[in-house]
Amino acid sequence: MRPRPAARFRSGPWRRLRSLRVRLIAVFAAVALITAVSASGIAYWLNRDAVLKRAQDTALNDFRVSVTRNVSALPQDAGCPELAALASQVAGSGLNYDVLVVDEARPDCLASSDPARFTLAKVPQTLQYTVGRPSEGNGGTPAGYHLYWQRVNLEAPYLIGGTKVVDTPLTAYMFKSLDTERADLNTLGWSLAIATLLALIGSALLAQAASATVLRPVKRLGDAARRLGEGKLDTRLEVEGGDELADLARTFNRTAESLSDQVAELSAREAQSRRFVADMSHELRTPLTAMTAVTDILEDEADALDPMIEPAVRLVVSETRRLSDLVENLMEVTRFDAGTAKLVADEVDIADLVMSCIDGRAWYDAVDVDAPRGLRAMVDPRRLDVVLANLIGNALKHGGSPVRVKVRKEDGQIVVRVSDSGPGIPQDVLPHVFDRFYKADKGRARSEGSGLGLSIAMANAQIHGGTITAANGESGAVFTLSLPLNPPAQDDQEDDL
């Protein structure tokens, strides 16, 4: 079956990205980033307001004082040169700002400390309107004019302040560059950004350390569970501390101990059951040997017996042979369960082995064979004969002739297909055809077969490193035996059954 796309999506790098360690680091980093950005943003805006307020308050106060002090020395009918001198004097207070003086009586007379850069056109219209409008709280008196300011961007950020000069037709404007404050704020911003980055890196390292502390016991638990799943039932975890992870380790140890006890008990019961079947089969062999000899004599003399006794004699002969076959099958099953079944491999021609199996059981007329010679493999002839006899005999008994046996070499394996001409295998029976003592017809509990033939055939195929599959073909059931050209290596074991 092909893996689903979702399964492929969960594997590889995507799986690593969704690991608990990565998620912990991501959460720590996200929290640290949000916290650092929030704190840095608040700190930046608080410092920005403080820096700008301090700069503008200092400049505006100095501008007010300087204008008041220098206007008092101005002649009554001051001309444009005097106004230019006033602008230069006010701008020379030492706080590095420029001044523009406007005479409302002579609009063409504009005095600027830097005429090339600062003119009335640089002053926002809203600020000009506000400066020229008296405050309503003072009833429109000249004293009702105040100092107003506005921050604008010219070639650089500037603070522009303006006020009407009391008892004169003059209006004075101040142009204070905030470039120094902007540089200081940029430096502050970069410092806060670097601090945020360092906080992010520190949180990632902290998350790495925290995840290692949490995930190391989890990894040990996963490794222990993996070893336990591999059958190492003595796996235990070292319990350290008294936290939740320690409780989890204790729970795992108790579970492993309980599982080990249950497996040991089940293994002992299974070994006892195998021993019982083996001993029972051994004990039945001796009387069955004698019974078989007697039944052979009775069968030879059956035709001379009383017609009333002959059916009973033939029944005894049939059931004795059936019991003998059942005992042999049980002993064979016990060998496989105990792991003592041995494979005596030899290189043989599969076609010869198939023909020998059919000829030895007088099935030649009922079986069509398509087996080219020259297909050789290392197999155990006796065990493969058992497999072929079970598959062909089962096809003849339940499917009906003609039975077709086809042998081919496919993908480096020997493939033997046995198909019949019967009704096929019901779909609900297919998953169970190789189960022990399974019979499709539950109402025929005393059928000729024991229900062990196909199970033994599968075991013999598996000991060769192969397998058998069952399916329905176009005209009946199809059993497919697949065998490697060379069987797997086996440890030397003594067959004591």
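Student: On what basis are the residues numbered and the values computed?
Tutor: This is a predicted model, in which local features need pLDDT of at least 70, side-chain atom pairs count only at pLDDT 80 or more, and totals for chains, interfaces and linings use all residues. Side-chain values use heavy atoms, with hydrogens and water left out, and residues are numbered from 1 along each chain as its sequence is written.

Student: How many helices and strands are there in the protein chain?
Tutor: Helices (H or I, at least four residues) and strands (E, at least two) are DSSP runs, numbered from the N terminus. On that basis the protein chain has eleven helices and twelve strands.

Student: What percentage of the residues is buried?
Tutor: Buried means under 20% relative accessible area, exposed over 50%, and partly exposed in between, with a 1.4 Å probe and protein chains only. Of the 497 residues in the protein chain, the buried share is 34%.

Student: What is the strand order of the open sheet with mixed pairing?
Tutor: Two strands pair if DSSP finds at least two bridges between them. β9 and β10 pair in the antiparallel sense over seven bridges, and Val-405 stands opposite Val-418 in β10. The edge strands, each pairing on one side only, are β7 (367-370) and β11 (467-472). The five strands have the order β7-β9-β10-β12-β11.

Student: At about what angle does α10 run to β12?
Tutor: Axes are lines fitted to C-alpha atoms, for helices over the stretch in contact, and angles run from 0 to 180 degrees between N-to-C directions. Helix α10 lies across β7, β9, β10, β11 and β12, and its angle to β12 is about 170°.

Student: What is the strand order of the open sheet with antiparallel pairing?
Tutor: Its edge strands are β2 (110-112) and β3 (148-153). Three bridges join β1 (residues 97-103) to β2, where Val-102 stands opposite Leu-110. The five strands have the order β2-β1-β5-β4-β3.

Student: Which strands does α4 lie across?
Tutor: Helix α4 runs at about 150° to β1. The strands that α4 lies across are β1, β2 and β5 (170-177).

Student: Why do the buried residues of α4 line one face of the helix, and within what arc?
Tutor: The buried residues of α4 are Leu-83, Leu-86, Ala-87, Val-90 and Ala-91. The arc is that of the directions from the helix axis to the C-beta atoms. Seen down the axis of α4, these residues line one face because they fall within an arc of 125°.

Conventions
Contact = heavy atoms within 4.5 Å.
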